[in-house]
Amino acid sequence: MSALLNKIKSGAKIIDVRTSEEFGEEHYPNAVNIPVEGIQSRIDEVGEKNSPVILYCASGARSAYAARLLKNSGFTDVVNAGGLYDMPEL
């Protein structure tokens, strides 16, 4: 089992940083939608700074940017999982 899947099964917060329209069309099970342009203003919704957070978007570019923002804000366990189709099957 992948390390990413282990984090998911252990309760990591999964955040889809795509637009709400993209999220509405399709998203990963149990993911929450916080579009990348709003992640700084909604950082309190991400959770504890030492809790695991998994980010994804369509290709990995927006989630890489969001991961940098979270790490710069003090989050210690942030994973950029890439695009939606890179996420592991449950």
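Here is a short chat about a strand and a loop in a predicted model.

Visitor: Hi! What should I know about the model before we look?
Guide: The model is predicted, so local features need pLDDT of at least 70, side-chain atom pairs count only at pLDDT 80 or more, and totals for chains, interfaces and linings use all residues. Residues are numbered from 1 along each chain as its sequence is written, and side-chain values use heavy atoms, with hydrogens and water left out.

Visitor: Which way do the residues of S3 point?
Guide: Val53, Leu55 and Cys57 point one way, while Ile54 and Tyr56 point the other way. In a regular strand the side chains alternate between the two faces of the sheet.

Visitor: Which residues pair with Ile54?
Guide: Ile14 stands opposite Ile54, and in S4 the bridge partner of Ile54 is Val79. S1 (residues 13-16) runs parallel to S3, joined by 4 bridges, and 4 bridges also join S3 to the parallel S4 (residues 78-83). Two strands pair if DSSP finds at least two bridges between them.

Visitor: New topic! Where does Asn30 lie?
Guide: Asn30 lies in the loop between helix H2 (20-25) and strand S2 (32-33). Asn30 has a positive phi of about 70 degrees although it is not a glycine. Most residues other than glycine have a negative phi.

Visitor: And is Asn30 buried or exposed?
Guide: Asn30 is exposed, with a relative accessible area of 70%.

Note on methods: Buried < 20%, exposed > 50% of the residue type's maximum accessible area, 1.4 Å probe, protein only. Helix = DSSP H or I, 4+ residues; strand = E, 2+ residues; numbered from the N terminus.
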